[in-house]
Structures are given as structure tokens and as C-alpha cells.
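Q: I'm new to this structure and would like a close look at just one chain. Could you take me through it slowly?

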Amino acid sequence: MSTEAPHSYDAPAAPTRVRRPPSAQEDLVRGFWQENPVLIQLLGLCPTLAVTNSVANSLVMAIATFFVLVGSSLLVSALRRWIPNEVRIASYILIIATFVTVAEMGLQALVPTIYKQLGAFVALIVVNCIILGRQEAFAGRNPVGRSVLDAAGMGIGFTIALLIMGSVREVLGSGTFLGVSLFGPRYEPWVIMILPPGGFFTLAFVLLTVAWWKQRQAQKEKAGRVRDAMTEGRAA
Amino acid sequence: MGDLTWIFFSAMVVNNFTLMLFLGLCPFLGVSGKIETAVRMAMANTFVLVLTSLAVWVLNTFVLTHAPYLRLIAFIIVIAGLVQIVEMVIKKLSPVLFRALGIYLPLITTNCAILALAIFQTNRSYTFAEGLVFALGSGAGLGLALALMASIRESIELADVPAVCRGTALVLMIAGSLSLAFMGFAGLLSSG
């Protein structure tokens with residue numbers, strides 16, 4: 001009986017290799033962790049490092065990116081039959097830039113202080129590789145519903161990554177979370193964490209954790225396979 | 001003249017695009033494995049930065065005064081078109097240079113450093129000469145960061161680093177230390 005578990009675990013993975021159309025849920029959830037745009041695919045690192053010196057900034061940036069990502073995926077996917085292949089990248093960029101302009105004006109009106117702190121990085125959403133990457137890899141060749149789900153999943157994955165970075169940096173760097181003091185007045189903040197080097201170090205440690213987790217996962221799987229082979233060999 | 005020097009060094013070291021403002025990280029992490037490719041990438045970048053600065057000056061002076069809300073769209077379209085034209089021209093005129101810059105040219109379109117230069121130049125309302133010097137300074141800064149990183153990575157190749165740290169995490173830690181070093185320049189210009 002004990003040998004059955006690994007087999008049943010392997011079974012659902014096999015059909016994806018022969019391109020079974022994935023369910024709506026898979027389209028959405030894939031971006032959260034398994035193909036997280038920042039932590040696994042290492043895309044969009046500029047905003048991940050630049051605006052995560054506080055949780056509020058990270059959140060606003062993540063929401064703006066989410067809006068642009070979902071909006072442009074919707075439009076690109078709806079127009080995919082009319083966009084000629086030769087000028088698709090230029091068309092995608094034009095669509096993205098339009099949504100970014102909308103987002104920029106929206107932020108300027110709704111949260112002017114944070115907009116000022118984010119500075120040029122709101123406009124720089126245009127060149128965020130996550131967004132162009134999703135248009136090229138997914139929205140340009142899939143129906144509207146799936147593209148929106150995929151974009152939403154990636155957007156949430158990006159939000160998760162930004163929030164991890166922002167929380168670590170704000171808690172250590174200012175001793176606060178969303179502006180609320182955590183450790184009382186005697187806490188000496190690690191100022192370096194909210195300065196540029198802190199961004200690099202935090203992302204390095206987050207990626208280290210991910211790599212360590214992946215390595216453990218791989219070892220476990222390998223151990224499982226070896227055990228499996230041994231029991232099979234014994235049976236034969 | 002003093003102003004121009006200030007702009008150059010500010011863009012190059014004090015507000016280094018890569019290490020202080022996190023711009024252009026993709027090439028910084030991607031092509032900093034070998035010093036030779038790093039230098040070529042920096043050259044291509046500086047070239048496009050200067051051209052962008054010129055184009056942005058033209059746009060800001062003659063076109064965008066009539067339609068400021070089209071700023072972002074105009075910038076990105078002009079940059080994308082510019083890179084494409086430059087690529088074609090170089091391919092025709094100097095195949096040797098084209099091979100040297102090769103794949104890096106099209107990649108530069110989506111390099112955030114270029115668009116950021118356009119936006120900074122607009123926000124700070126630089127004149128023609130200031131914009132040009134700013135572009136040269138940021139290009140030199142990108143080159144400096146890339147060259148430093150590439151030489152460190154070349155020597156760390158032989159070091160005994162735990163397998164789990166290899167790859168991006170290690171590069172980011174080096175970048176953090178470099179960034180820490182560059183913070184030392186912060187007081188350089190305020191007194192002068």
C-alpha cells in the first residue's frame with residue numbers, strides 16, 4: 001500500500017506533458033507560487049527592489065501593476081486576431097503604455113503622497129518585463145477568459161512577492177508595519193534595510209530561501225523515487 | 001560648466017542608475033558573467049541613452065507641449081522605433097559592430113534605464129546640453145557597475161560557494177555590497 005502514494009502523486013503530472021487543456025483554476029493559481037513571476041521566473045526585478053521600502057508603497061505599486069497587467073491582457077487577447085504578427089510587440093507596448101497612463105493619473109488623483117514617493121517607477125511599469133512577457137507568452141494566443149485569469153494570477157504572484165519584500169524591509173528598517181510601530185521606541189531601526197543595499201540583500205535572502213526550499217523538495221522527491229525503485233526491485 | 005560636471009558625476013556615481021536607483025537590472029544580472037560582454041552591453045546602452053536624450057529633447061520642445069498626457073506613450077514608441085532604426089543602420093553600415101552588439105540592441109528597448117532617463121530628463125527640465133551630459137553620465141555609470149560586477153563574477157567563478165547560493169542570490173549579494181560601497185559617494189557633491 002505504501003508504494004501507491006508516490007504513483008498517485010505522479011499521475012496528474014503526466015497528462016500536462018501531452019498538453020491537456022488546463023482548467024481555469026490552474027490558469028489562475030499557477031502564477032501564485034509555482035511560476036511566481038518574481039521569485040521563480042526572476043522578472044520585474046526593478047520595481048521589486050526599488051519601491052519596496054515600505055508596505056504601503058509595495059501595495060500601491062502591486063495594485064497598479066495588477067491593473068495594467070489584467071487590462072492589457074484583456075485587450076491584447078481580445079484583439080489578437082487583428083494584430084499583425086510583425087508589429088505585435090509595438091502594439092502590445094502601445095496598449096500597455098495606455099493602461100499605465102490611466103494608472104498614473106488614477107494614482108496621482110487618489111494617493112498623491114505615495115504617488116510622489118514612487119516617482120518615476122509608476123511610469124516604468126511600461127517596461128516591466130512581467131507584463132510584456134505575459135502578452136507575448138499567453139494573452140497573444142489564448143482566449144479572453146483564460147488570459148484574464150492568467151494575468152490575474154501573475155498579478156497576485158507579483159503582489160505576494162512585493163509584500164514579502166516590503167514587510168521584511170519595513171519591519172527591520174523602520175520597526176513599523178504599514179506605519180504602525182511594532183517594537184516600541186527603544187528599537188534601533190536597521191536603516192540600511194530601507195536604503196538601496198537593503199533591497200539587494202533582502203531579495204538575495206528571499207531567493208536563497210526559495211532555492212533552499214526547492215532543493216529540499218527535489219531531495220525529497222529523489223528519496224521517494226529511490227525508495228520506490230527499491231520496493232519495486234524487491235517485488236520483482 | 002560646473003553644473004554639467006555635477007550632472008555627469010551625479011548620474012555616474014552618486015545616483016548610479018543600477019546600484020542606487022535599481023534601473024537596468026535585467027542586463028546587470030543577465031550579461032554580467034564576462035567582462036567582455038559587459039563592456040559591449042554598456043557601449044550599446046550608452047549609445048542608445050544618448051540618442052534617446054536627443055529624441056526626448058526634440059519631443060519635449062516641439063511636440064509634447066501640445067499634448068502632455070501623451071508623454072509616456074510618445075516616449076516608449078520613439079524609443080522602440082529608434083532602437084529598431086539604429087539596429088538596421090548599424091547592420092547595414094558596420095556588420096562588425098552589429099555582431100559585437102548583436103542581441104543586446106533589441107533588448108535595450110525594454111531596459112528601464114532608457115525610459116527612466118527620458119522621464120528624469122523631462123521632470124528635471126534639462127536643457128539640450130544638460131540632457132546630453134546626463135545621458136553620458138548614466139551610460140558611464142551603467143558601464144562602471146557592469147564592469148565591476150563582471151570582474152567580481154569572473155573571479156568568484158572559481159570560489160567554493162555552497163550550491164544553494166549559486167546563481168541570482170549570489171549576484172544580488174554582490175550587488176548589495178557594491179551598492180553599499182557606492183553609498184559612500186553620497187556626500188561627495190553636496191558640499192561642493
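**A close look at chain A**

A: Let's start with how the chain folds back on itself. Take the contacts in chain A between residues at least 6 apart in sequence: 76% of them join residues at least 24 apart. Keep in mind that this is a predicted model.

As for its parts, chain A has ten helices and two strands. The C-alpha trace spans about 70 × 60 × 25 Å along its principal axes, and 37% of the 236 residues in chain A are buried.

How far can you trust all this? Mean pLDDT for chain A is 84, with 90% of its residues at 70 or more. Among the chain's elements, helix 5 of chain A (residues 55-78) has the highest mean, 93, while helix 1 of chain A (residues 4-10) has the lowest, 41. Over residues 1-16 of chain A, pLDDT stays under 50, and the model gives that stretch five contacts beyond four places in sequence.

Now for the neighbour: 32 residues of chain A are in contact with 30 residues of chain B. Helix 9 of chain B gives the largest share, eight residues. By type, the residues on this side of chain B split into 26 nonpolar, four polar and no charged.

Note on methods
Residues are numbered from 1 along each chain as its sequence is written. Chains are lettered from A and ligands numbered from 1 in the order in which they are written. This is a predicted model: local features need pLDDT of at least 70, side-chain atom pairs count only at pLDDT 80 or more; totals for chains, interfaces and linings use all residues. pLDDT is the predictor's confidence in each residue, from 0 to 100. Helices (H or I, at least four residues) and strands (E, at least two) are DSSP runs, numbered from the N terminus. Two residues are in contact if their C-beta atoms, placed from the backbone, lie within 7 Å. Ala, Val, Leu, Ile, Met, Phe, Trp, Tyr, Cys and Pro count as nonpolar, Asp, Glu, Lys and Arg as charged, and the others, Gly among them, as polar. A residue is buried if 20 or more other C-beta atoms lie within 10 Å of its own, exposed if 12 or fewer, and partly exposed in between; C-beta atoms are placed from the backbone.
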